[in-house]
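Here are my notes from an afternoon of looking things up.

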Amino acid sequence: MKIKLICDSMCDIPEEIVNKEFVEMIPLTINIDGKEYKDGVDFTKEQFYDILKKCDNLPKTSQVTYVDFKNIFEKYTKEGYDVICITGSSKASGTFQSANLAKADVEGNIYIFDSLFLSLGSGQYVIKASHLIEEGNLNASEIIQELENMRKDVNLLFVPFTLEYLKQSGRLPSVVSFVGNMLSIKPICTMEDGKNKIVSKVRGTKQIASKLVDMILELNDGNVEDKIITIGYGSNEDDFKRLQEEVSKKINAKEIYITRGGSCICSHTGPEILAISSSY
């Protein structure tokens, strides 16, 4: 079986997954102060954090186009591949719809999967699919069914260190942002049915790492020995070290991956962010 795994750049995945021969990431377009860039192509994540701090207006993301998907689907189906395409949440972007429109116009076995997550949440499905492809026991259709079966087991928690970006993007009322920033209250967010949701709050930044680890353990009934954990961050490396320390002390997982927040998520949360996700 020849399977090609495609994802869009709303999925934040570790480098060791990105670099697998059968994995390909299609970038969204980022508009920054009137100029368009390909996410992860025209700049690194580290460069984007610097751009984000200096740009005059909040960057805007544009979905992967029908043409982009059609071209890549045609390329791999003509080479004899079955294609699995995992997208960021259809509730946050039209990318899933673009992929389905392209699929309808390309001959071959193409399977589109809506993760209903962003960032590390979407990334859990890409990691799982990559493991199943490497094991070689399932065909593409069966892998999609495995991804559907794990929906209830995927958890994502993330904390933006400033509320200013969420306010500017309209994802947080101005009064909530003002009070939160004034009192140094940080929201702990998840995604539910493809949309962002605040599930808890923490005062100050020093308690964030410990709170995230405690909450992910609680979501998994205190046992993550058979789980895949991914931890992520943006430009805030010192805060991430705290998260690593907490994970090292409290978590004994099957696998632990590290990645960084990409421009699709950090355009809305700001460059300083901590996140943790889990799945089978």
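**Entry 1: α5 and α6**

I started with the crossing of α5 and α6, which is right-handed. (A crossing is left-handed if the near helix is turned anticlockwise from the far one by less than a right angle, and right-handed if clockwise.) The contact is made by Y125, K128, A129, L132 and I133 on the α5 side and I143, E146 and L147 on the α6 side. Contact here means heavy atoms within 4.5 Å. I wrote down an angle of about 140° for α5 and α6, with their axes 10 Å apart. Axes are lines fitted to C-alpha atoms, for helices over the stretch in contact, and angles run from 0 to 180 degrees between N-to-C directions. So α5 and α6 are oblique to each other. For the cut-offs, angles under 35 degrees count as roughly parallel, over 145 as roughly antiparallel, 65 to 115 as roughly perpendicular, and the rest as oblique.

Before going on, I noted that this is a predicted model, where local features need pLDDT of at least 70 and side-chain atom pairs count only at pLDDT 80 or more, while totals for chains, interfaces and linings use all residues. Residues are numbered from 1 along each chain as its sequence is written, and side-chain values use heavy atoms, with hydrogens and water left out.

Which residues of α6 are buried? I found A140, I143, I144 and L147, in a helix that covers residues 140–149. Looking down the axis of α6, I see these buried residues within an arc of 100°, so they line one face of the helix. The arc is that of the directions from the helix axis to the C-beta atoms. Buried means under 20% relative accessible area, exposed over 50%, and partly exposed in between (1.4 Å probe, protein chains only). Helices (H or I, at least four residues) and strands (E, at least two) are DSSP runs, numbered from the N terminus.

What do the buried residues of α6 pack against? I listed β1 (3–8), β6 (82–87), β7 (110–114) and α5 (119–135).

I picked out I144 from α6. Its relative accessible area is 13%, so I144 is buried. Leaving out residues up to four places away in sequence, I144 touches I84, Y111 and F113. I also checked I144 against V202: they are 58 residues apart in sequence and 37 Å apart in space, C-alpha to C-alpha.

At the N-terminal end of α6 I found a cap, N139, with a side-chain oxygen 3.2 Å from the backbone nitrogen of S141. (A polar contact is a pair of N or O atoms within 3.5 Å; within protein, one must be able to donate a hydrogen and the other to accept it, and residues adjacent in sequence count only if both atoms are side-chain atoms.)

**Entry 2: two other helix pairs**

I looked at α3 (residues 66–78) and α4 (residues 95–104), which pack at an angle of about 50° with their axes 8 Å apart. That makes α3 and α4 oblique to each other, and their crossing is right-handed. From α3, Y66, F69, K70 and F73 meet T95, S98, A99, L101, A102 and K103 in α4.

Then came α9 (residues 208–219) and α10 (residues 237–250), at an angle of about 40° and with axes 8 Å apart. I put α9 and α10 down as oblique too. Here A209, S210, V213, D214 and L217 of α9 touch R242, L243, E246, V247 and K250 of α10.

Is T87 buried or exposed? T87 is buried, at a relative accessible area of 0%, and it sits in strand β6. Not counting residues up to four places away in sequence, T87 has contacts that include D8, C11, T95, F96 and A99.

G40 is in the loop between β4 (35–38) and α2 (45–54), and counts as exposed at 56% relative accessibility. G40 and T87 are 47 residues apart in sequence and 16 Å apart in space, C-alpha to C-alpha.

**Entry 3: positive phi**

Most residues other than glycine have a negative phi. I noted L116, not a glycine, with a positive phi of about 60°. L116 is in the loop between β7 and α5 and is partly exposed at 23% relative accessible area. D193, not a glycine either, has a positive phi of about 55°. I found D193 in the loop between β9 (185–192) and β10 (195–203), exposed at 53%.
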